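Open the model in your viewer and keep the selection panel at hand. Each stop below says what to pick next.

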Amino acid sequence: MNVVDRGLTNYAGRCLAGVLAAGLAGGAAAADFRGFVTDGPAGLLVFQSCQGASLGPRASKLSDKSPDTALTAGVAAVRQVMENAGRPLYVEFAGDDAGSVVTVRRFRRAVGHILSCAGAPRDIPAGARLHASGVDPNWRFVATPEGGRLELADGKVVRFPASPFSARDGAGRTQRFDAWSAQDGGTVRIEVTEEMCIDERAETATGARVALRYSSTSVEGCAARF
Amino acid sequence: MDRRDFLKMVGTVVPAWSLIPIANAQSSLYSGRILINIHASGGLDASSWTDPRETNPAMNNYAAAGTPAGLAGDIRFAPMGSNATFFSKYYNQMLVINGVNSETNSHTDGTRTHATGRLDMGYPNVAELFAAQYGRGLPMPWLNSGGFSTSAGLMPATPVPDSNTFRALVAPNAASATNDFMKQADLNKAFATRAQRMAALQATGTMLPKQSLLADQFSATTDARALMERVASFIPATFDTFTQAHVGLVAAQAGITSTIQLASGGFDGHSQLANAYATALPRLTDMVDYIWQKSAALGLSNRIFLRIYSEFGRTPLNAGNGKDHWSVGSQVLMEANPAWGNRVFGASGPKHEQLKINTATGAVDPVNGVVIKPRHIHDAMRKYLGITTTDPKFNLKVPATENFDFFNPVAKTGYPNL
């Protein structure tokens, strides 16, 4: 990265910090974080956020207040299967930044094979309300403000309206979404349970388990946005 | 190991007449078989290597592009990297074992399993077992540069020294791989003068007992230095690009090691696998090619048994055009002129599903067959290499009904699903 880029990134970082500070002062909802965690002494996790394609200059202590300390469990699970398990591990979560301590409220995912901020995954669309996937057979469901989209292993794609997938804060650890597709008349039921979910093959842990039923097809997987 | 330890070892085990400074001369210190293990780290995709899938575009980019797999002798290979050149050159030297179940999706566990033969801990790396059998007493019995190196208590691994350190270990006048502290000719003159003075002193016959003892000890160190210089004579003026491999081969030529473990990485292709492998595959095959070419030049090739393995295989393509971990993968065993070359033993399904293999014939045998696991390969290798141990705690626990006849030249699987 050249000097101009770094300057822009630092400026963006200061703006982000300012926005976060303002949000906290006003009691705003948790912000989204992405970056790398490293293991500190006595089980401490240290977090350094990504600012664009670069790593931010500040390292903060991570306080995991996610249900069942899902982030801590997810990080440990990914370290079990990843290559060079001691290196910094890429994570995404929602939380609060209080300067020297960043508090995790909702664990989204940890990915073992990401080596830098520049290589951070971009598979989840901005504004995604729900992003879930699984293997054997492969499937993926993504809900954005524009609508829901189910991709099945045989290549079939089914679209759903957006409204059934609106965020349901306070709905408990398990949320259920039902939607009907005008495209083919099929219905989908998605149950999302907020607990750590590991996909060892992909070196990825997420914050929720998902069971999806569409017509006569039932699949299970993990959700990185929910 | 520091120079003092090295000097002790050399002084202890190197006979005075041992090493002859000729390019392809062999040391009498250790002149047996050399085991070379190469860990393709990251989880080498079998589809990109010795178990290609060319018809299903969900499996490989080359399948989507309609590029057929290559064939060298009876061995098929993926049309990626420098595979065509590599396999065409060496198919007669290799036994491919496909459909090997690592029993894990973890890099750490897979690394250990393929090094030791067992998923559970406490078993020795095959290199350690080999070094304990053949390299005991050598200065660097097990040279290690990557992969699993935890000792089971038989023999510690010696990290492969870089070229500077290696030369400094065996040549006290060496400042680096290419430079000396003093002009060697000047040093030789000083040594010669000192030796003359010592000889003259001893010839007077007037030394006190303690003086005489010290003089004898001095002469002994002079002898050890001479032996060290013989070892140093095998060190080239410059080391090649694959320095770790070169250092290992020179150490083997000098007779100071029995086994070398190397690693070649870049195979953890979770996204854009073809791009990552465009670099990683040639790096691996070029290193193996280098080892065979260099060992031939050094007169070592007929002594080498080489194994290429990885932690596990990989899945079909994911949404990121990469591949995730899959426990079924492949291994390659090589020798210079084996009776068991140009063969494929074991197989996997269209998406690398696990298949059972007949232990005697190598045929796919869903009823009486056995899933090939690292322990089976290690059990066969231990017998082939003469390192079968009677120690019960290192027993691989392979029942007689699961003894695969990997090295039988007429037993083979081929590619039955294609």
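**Stop 1: the sheet in chain B**

This is a predicted model. Start in chain B with an open sheet of eight strands, in the order E6-E5-E7-E1-E8-E11-E4-E12 and with mixed pairing. Now select strand E6 (158–159) and strand E12 (343–345) of chain B. They stand at the edges, and each has a single partner strand, so one side of each lacks a neighbour in the sheet.

Next, pick strand E4 (residues 94–101) and strand E11 (residues 328–335) of chain B. The two run antiparallel and are joined by six bridges. Show B:Val100: opposite it, in E11(B), stands B:Gly329.

**Stop 2: the cores**

Which residues have the most contacts inside the largest nonpolar core? Select B:Ile36, B:Met94, B:Leu95, B:Ile97, B:Phe130 and B:Ala251. The core has 100 residues. Helix H10 (residues 273–297) of chain B gives the most to this core, with eight residues.

Zoom in on B:Ala251. Leaving aside neighbours within four places in sequence, B:Ala251 is in contact with B:Met140, B:Leu143, B:Ile256 and B:Thr257. Apart from this core lies another, of 50 residues, including A:Val78, A:Phe93, A:Phe177 and A:Ile198.

**Stop 3: a loop in chain A**

Select A:Lys65. This residue sits in the loop between strand E3 (54–64) and helix H2 (70–81) of chain A. Is A:Lys65 buried, partly exposed or exposed? It has 14 other C-beta atoms within 10 Å, so it counts as partly exposed.

Beyond four places in sequence, the contacts of A:Lys65 are A:Thr103, A:Val104 and A:Arg105.

**Stop 4: chain B as a whole**

Zoom out. Chain B has eleven helices and twelve strands. Its C-alpha trace spans about 90 × 45 × 35 Å along its principal axes. Of its 418 residues, 49% are buried.

Colour by pLDDT. Chain B has a mean of 91, and 91% of its residues reach 70 or more. Then select residues 14–22 of chain B: pLDDT stays under 50 there, and the model has 16 contacts beyond four places in sequence for this stretch. For the complex, the predictor gives an ipTM of 0.78 and a pTM of 0.83.

Notes
Residues numbered from 1 in each chain as written. Chains lettered and ligands numbered in written order. Predicted model: local features only at pLDDT ≥ 70, side-chain atom pairs only at ≥ 80, totals over all residues. Core = buried A, V, L, I, M, F, W, Y, C linked by C-beta atoms within 7 Å. Buried ≥ 20, exposed ≤ 12 C-beta atoms within 10 Å, placed from the backbone. Helix = DSSP H or I, 4+ residues; strand = E, 2+ residues; numbered from the N terminus. Contact = placed C-beta atoms within 7 Å. pLDDT = per-residue confidence, 0-100. Pairing = 2+ DSSP bridges.
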